[in-house]
Amino acid sequence: MMPQLALSQALLFTGSAAPAESFGDLELLLEILSVSGREERAAARVLERLPEGLGELDRFGNVVVTLGEGEPRRLLACGLDEPGLVVSEIRDDGYLRLRTAGADPRGALWLQGYEGQKVWISTARGRVPGAVAIPSIHLEQDDAPSDDVFSLPAAFVDVGAASAAEARRLGVRLLDPVGPQQRRTGYGEGLVAGPAVQSKAACAALLGVARGLAAGSVDGTLVVAWLRLELWNRKGIEHLVGERGPFDEVLVASRGFGWSRGEDGVVASDLPELASGPMSAGELALPGATVEVDHLAPGPAFFTGGPDWGDARLGYFAVPARYRDSPVETIDRHDIRTLMKRLIAWAGRGEAVTMAASAIPDPECCDWSEHAEAAGLLGELVEVYGVSTREAPIRDAVRGRLPEWAEPEVDASGNLLVRFGDGEERVAFVAHLDEVGFTVDEILADGRLRLTTRGGLAPSAWEAQPALVHAASDLVPGVFEPRAGWLTAAARRPPEALTVFLGASSREEVEALGVAPGDAVTMPKKMRRLGPHRAVGRAFDDRVGTTALLLALERIDPRSVGRRYTFAWVVEEEIGLHGSAAMAEDLADGSERLDRVHPVDTFVASDDPFPDKGFALTPLGEGVVLRAMDNGYLGDRATIDYVEGGAAEHGVPTRSGFTGGGNDGIAFLHLGATNLPLSWPGRYSHSPVEVMDLRDLEALVDLIVALVEDPVP
């Protein structure tokens, strides 16, 4: 079987039954961030996908292919742009503010699909990773969190910068486009999900049509065009018609299917099922297409009445889409192939010519070399999964990275322990293996999965995002479904338990995939560097603590220590400290009882752009935080003084602080052990975009080594 990470990435990029011949063009178009007004990179990639000399850029920046000559004169066009955001401000603290570009996207929760998610900022130097900030749930204690739908005034992008100057050094400039990092997910039998995938599918189909008709024949003259500003002011198509028209027949890809104008404004209606073939509307019908679909044709846009069509017969087309205007908008690749065949039948004779995918178009802006050891191990562990009660994969990964001298043991609860040293005093350093996520509660009759949460999280940050089901023998990709009222919702929190769609239509189909109740469900994850010192990823809580213990063990000589030490990686911390409680009971007798415990875990910091700074204001990048108080514990002065003294003697920067949540040391207090968590400050706890500073991780390792090898008397 493929390694877990490699398998998950393969599934996400190709799906379970991917017809590669129709996916290459769509794959590349999805990867390119082409916000309205910033379509130039998408246009360049379209030109690269055409035979040399076949296409050209017109004066406006549209990509245009002209085939054949004479009458009738036909136009076939799609818009290259997608709804999106641009940088509107670079704040003094390094955070970016945002504005929408082009016409406002449809759907009340469109912007909420960004909250707590990783994004790309497409700069002149390349793609810069960022994280859209989300309030840490551990800090929402005194007042109930707002249930208002996420909006632009609450949108801040963290690029790992501490100042506007640092953000600019990354290459970020005003009006740079911003879009989701997760651009495409393949799942089910030929399904593809991604932002604006319906529009991009149409443009992918036009590439196959243009290549096919260039090798075949055209009735009269055919102009095929990939347009700029189609979603904003339609100046791209207006320019094209003015320069290349008039036309007798026009077919334009449209996002207007399933929309109509009623007494109370624009309303949505259902689209045909996926794989039912392309849709058509207008005076000119696409041969063989589904025609009984509500369609709202583009009206006059800003500063233009639209193109002068003259006497042309005008029609619109699109492929059906599920979860419209969400980050997991989904189409079926079979519909793309059918669309290409019908467009060729309308325009001439030939066979669609498709191309396989090629390299991802835009590199990241920077290759950070600092903190290579810490970042390398942390990134490796972040990409291993381990939802509470399902920690075996991460436990195995940790065991595989232990030094040769270590003699690990796994207790009855699943905790991983390494013991060494000799002496009267017994000290433990404890990190936890588990991460927040979900398990399958029930497989519904229609094939959807109803979920149960594992640990505290904000469901709105998972809704309408890619999903992975961790079945017994495989990883099965799918999507966290948007709620039924995605387009009209008035509340941030989903009204019911989240569900996952795998592309299956029955319980039996899901069971045939090997999925069963109790299986873990997560979101795909990958760590990315944010500037020279910081990183963003999911499950830093507590992969950072796990990494710190491993890096410390690599530096410790077990023969030279004067105390009895236990390094422990425990399970089920996020659902009630169960692993550490079991470990405490196992060590309860006098010969094994611990004298001091140091949980190595997150200090949830309010070092973020949100207004409540009543506590936990601990900046990133300034060293270790002694978590002297949280919701379950107040540290004793003697232990704080002891650790601060050891840190000062070894030049390790420390601070003390109060934050929310609990810690694994609480389970040992009733046995008489002293407890002081050693922490790294982290932003946006229990979200897909936890942010940390690698300098804090390195300081944490230094402190652990100092306390073990050279303890203060």
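At what angle do the axes of helix 11 and helix 14 cross, and within what distance do they come? The model is predicted. In it, the axes of helix 11 (residues 540–555) and helix 14 (residues 694–709) cross at roughly 50 degrees. They come within 9 Å. The pair is therefore oblique, since an angle between 35 and 65 degrees falls in neither the roughly parallel nor the roughly perpendicular class. The crossing of helix 11 and helix 14 is right-handed. Helix 11 brings Val 544, Thr 547, Ala 548, Leu 549, Leu 551, Ala 552 and Arg 555 to the contact. Helix 14 supplies Leu 697, Leu 700, Val 701, Asp 702, Ile 704, Val 705 and Glu 709. By class, this contact has 10 nonpolar, 1 polar and 3 charged residues.

Helix 11 also packs with helix 8. Their axes are 9 Å apart, at an angle of about 130 degrees. Helix 8 and helix 11 are therefore oblique to each other. Their crossing is right-handed. From helix 8 come Glu 373, Ala 374, Leu 377, Leu 378, Leu 381 and Val 382. They meet Phe 540, Arg 543, Val 544, Thr 546, Thr 547, Leu 550, Leu 551 and Glu 554 of helix 11. The classes here are 9 nonpolar, 2 polar and 3 charged residues.

| Helix pair | Axis angle | Axis distance |
|---|---|---|
| Helix 11 and helix 14 | roughly 50 degrees | within 9 Å |
| Helix 8 and helix 11 | about 130 degrees | 9 Å |

Backbone details come next. A cis peptide bond joins Asp 541 and Asp 542, with omega about 15 degrees. Asp 542 lies in helix 11. Ala 539 is in the loop between strand 31 (534–537) and helix 11. Its phi is near 75 degrees, a positive value in a residue other than glycine. Ala 539 counts as buried, at 4% relative accessibility.

His 371 is in the loop between strand 20 (348–349) and helix 8 (372–382). It has a positive phi of about 60 degrees, although it is not a glycine. Is His 371 buried or exposed? With a relative accessible area of 13%, His 371 is buried.

Another cis bond runs from Gly 245 to Pro 246, with omega near 0 degrees. Pro 246 sits in the loop between helix 6 (235–244) and strand 14 (249–253).

Now the cores. Nonpolar side chains tend to be buried together in soluble globular proteins. The largest nonpolar core here has 69 residues. Which of them touch the most other members? They are Leu 75, Trp 226 and Phe 317. Helix 5 (residues 197–215) gives the largest share of this core, 11 residues. Beyond four places in sequence, Trp 226 is in contact with residues including Val 46, Leu 50, Val 63, Leu 80, Cys 203, Leu 206 and Ala 210. Another core, of 58 residues, lies apart from the largest one. Among its members are Val 384, Ala 397, Leu 549 and Ile 556.

Arg 492 lies in the loop between strand 27 (475–480) and strand 28 (499–501). Arg 492 is buried, with a relative accessible area of 10%. Beyond four places in sequence, its contacts include Glu 115, Asp 147, Asp 148 and Arg 483. Gln 112, Ile 134, Ser 146, Val 149, Ala 458 and Ser 460 are also in contact with Arg 492.

Methods. Residues numbered from 1 in each chain as written. Predicted model: local features only at pLDDT ≥ 70, side-chain atom pairs only at ≥ 80, totals over all residues. Heavy atoms only, no water. Axes fitted to C-alpha atoms, helices over the stretch in contact; angles between N-to-C directions. Helix = DSSP H or I, 4+ residues; strand = E, 2+ residues; numbered from the N terminus. Parallel < 35°, antiparallel > 145°, perpendicular 65-115°, else oblique. Left-handed = near helix turned anticlockwise from the far one by under 90°. Contact = heavy atoms within 4.5 Å. Nonpolar A, V, L, I, M, F, W, Y, C, P; charged D, E, K, R; others polar. Core = buried A, V, L, I, M, F, W, Y, C linked by side-chain atoms within 4.5 Å. Buried < 20%, exposed > 50% of the residue type's maximum accessible area, 1.4 Å probe, protein only.
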